[in-house]
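Hi,

Here is the structure I promised to pass on. Have a look at it first, and then read my notes below.

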Amino acid sequence: MMEQMRNRGFSWLVVLSVLIVMAFVISMNSGSIHLSLLDVGKTLFGGGTAKQHLILFHFRLPRIMLSILVGAGLAVSGCMLQGLTRNALADPGILGINAGAGFMVMIFISFLSASALTPLLLLPLMAIAGAAFAAVLIYLLAYRREQGLLPTRLILTGVAIAAGLSSATLVMSLRLKPEKYQFVATWFVGNIWGTNWTFVAVLLPWIVILLPYALYKAKVLDVFQLGEQTAKSLGLDVNRERIKLLAAAVALSGASVAIGGGIVFVGMIGPHLARQLVGPRHRLLLPGSALIGALLLIAADTIGRLVIPNMEIPTGIVVAVIGAPYFLYLLAKAKA
């Protein structure tokens with residue numbers, strides 16, 4: 001039985017990988033300036049016109065790569081948070097972690113320019129610091145020694161913290177110059193705004209380091225699913241492992257939000273769908289979540305560029321249109 005579930009999980013990982021490749025190809029062909037599949041193929045292999053080369057290599061490919069990295073980072077972060085809290089509704093955006101990252105990004109934008117390379121390298125660090133502040137605050141307010149982290153208390157605390165930090169961020173944004181305010185407004189609704197390879201290079205190390213670390217800790221996350229008392233009885237240093245895993249989840253979320261903006265629901269939808277496809281074991285659940293998160297964000301970014309001619313809908317809005325009803329469905333299901 002276990003062997004069948006494992007084979008089924010691996011099969012779904014292959015299917016999701018194929019779907020990402022298909023979405024990748026479709027996204028390269030899509031935009032205000034249409035490139036046929038033949039044009040894309042010729043340009044990729046050194047042919048094509050200078051205009052086609054510019055569109056593909058300097059605009060579309062970096063944006064697609066960022067969609068993959070941000071989607072995978074947010075989904076794995078959500079998967080780790082769900083494993084730590086045993087709460088299927090846990091999501092960095094819903095819990096207020098993204099709001100903390102956004103608050104620090106606002107401070108960054110207010111005093112520094114995001115166009116220079118040195119400040120740009122600091123952007124993920126600033127976002128992670130803000131996300132960590134929000135996560136610690138939520139944990140301290142929601143945790144009870146006798147009861148642990150109750151799902152309802154965690155969600156309500158996260159929503160309250162998110163509202164407070166978002167309000168403070170909004171007040172700060174009112175003092176910005178018009179050009180910076182426009183950037184902030186676009187960032188907050190969630191948009192893949194870095195359309196060059198520098199942004200990919202800034203985000204890539206965080207994903208390359210933290211995703212394998214999460215997979216390395218898959219068995220620890222499985223033990224957390226048994227409950228805190230059972231985990232302690234099995235010899236797990238619960239507090240130490242929780243801190244390390246929470247730090248990794250916050251870093252993934254903060255770095256992804258710094259580049260992708262205030263995108264919510266990916267961290268909830270990705271792990272939930274992956275759990276239905278590959279099962280609850282984190283050895284398959286984590287890569288499944290990463291693939292679904294990447295696929296969701298590529299699809300949302302492509303739809304946002306296509307749905308209205310000559311106009312772009314931010315990726316976060318497209319994800320929210322999908323994610324909000326799904327969140328309400330999960331909430332109703334949890335109450336039932």
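Let me start with R63, which is buried at a relative accessible area of 9%. Keep in mind that this is a predicted model. R63 pairs with D301 in a salt bridge, and their closest N and O atoms sit 2.9 Å apart. D301 belongs to helix α13 (residues 282-306) and R63 to helix α3 (residues 50-85), so this contact ties together parts that are 238 residues apart in sequence. D301 counts as buried too, at 2% relative accessibility. The pair is also part of a network of salt bridges that links R63, D301, R305 and E312.

In total I get six salt bridges. Another one joins the side chains of K217 and E241, at 3.1 Å from N to O. K217 is in the loop between α8 (197-216) and α9 (218-224), while E241 is in helix α11 (residues 238-260), so parts 24 residues apart in sequence are tied together here. K217 is buried, with a relative accessible area of 9%, and E241 counts as buried at 11% relative accessibility.

Then there is R281 with D222, a salt bridge at 3.4 Å, N to O. R281 lies in the loop between α12 (266-278) and α13, and D222 in helix α9, so the pair connects parts 59 residues apart in sequence. Here R281 counts as partly exposed at 46% relative accessibility, whereas D222 is buried at 17% relative accessible area.

Finally, helix α4 (residues 97-111): it spans 22 Å from first to last C-alpha, close to the 21 Å expected. It is mostly covered, with 11 of its 15 residues buried, including G100, M104 and F108.

Cheers

Note on methods
Residues numbered from 1 in each chain as written. Predicted model: local features only at pLDDT ≥ 70, side-chain atom pairs only at ≥ 80, totals over all residues. Heavy atoms only, no water. Helix = DSSP H or I, 4+ residues; strand = E, 2+ residues; numbered from the N terminus. Expected span 1.5 Å × (residues − 1). Buried < 20%, exposed > 50% of the residue type's maximum accessible area, 1.4 Å probe, protein only. Salt bridge = Lys/Arg side-chain N within 4 Å of Asp/Glu carboxyl O.
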